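Thank you for making time this morning; I would like to walk you through one model, and I will begin with a question once it is on the screen.

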Amino acid sequence: MAPLRKLMVEKVRRDRINHSIEQLRALLNQGEPSGGQPPSKLEKADILEMAVSFLRHRAMACIAPSYSQGFSQCLQETLRHLSLHAPLQPAEREEIKRFYVLQRASLLRHMSGEQGRRTVSRKRSSSRSSSRSHGSLWRPW
């Protein structure tokens, strides 16, 4: 009786996992235009990788503005503090502005570089595996 119960518990567990992965696939495919074609069959690992990539992208999109906003606020507070104790010369003020612009540009390059690396890896994976129509990661197995 115990082995039969274990099999039933395992089947229920697998069904829950499969149902959740199917829901993830449906959610992830909502944002992509299908062009009237039925969605391609994705492996479970592909669906999970897409979900991780999506969540990572969302997290980075939330972090970048708050980081930039915090950096700007810190710089403004520093400038206010400096000007209270010693007036800044116009050349000093311009140098600080130039530093701020360079830092912001560096952050934006970093953010677009992250997205660019993801795009390149998707392009490489799709060229390596012509049987997959979706931009999933290439795996050797």
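This is a predicted model: local features need pLDDT of at least 70, side-chain atom pairs count only at pLDDT 80 or more; totals for chains, interfaces and linings use all residues.

By about how many helical turns are Glu95 and Arg98 separated in helix H3? They are separated by about one turn, because the two are three residues apart in helix H3, residues 90–128, where helices are DSSP runs of H or I with at least four residues, numbered from the N terminus.

Residues are numbered from 1 along each chain as its sequence is written, and side-chain values use heavy atoms, with hydrogens and water left out.

Glu95 and Arg98 form a salt bridge with their closest N and O atoms 3.0 Å apart, the term meaning a side-chain nitrogen of Lys or Arg within 4 Å of a carboxyl oxygen of Asp or Glu. By this rule the count comes to six salt bridges, and another of them joins Arg25 and Glu22 at 2.4 Å, N to O. Arg25 is buried, with a relative accessible area of 19%, whereas Glu22 is partly exposed at 38%; buried means under 20%, exposed over 50% and partly exposed in between, with a 1.4 Å probe and protein chains only.
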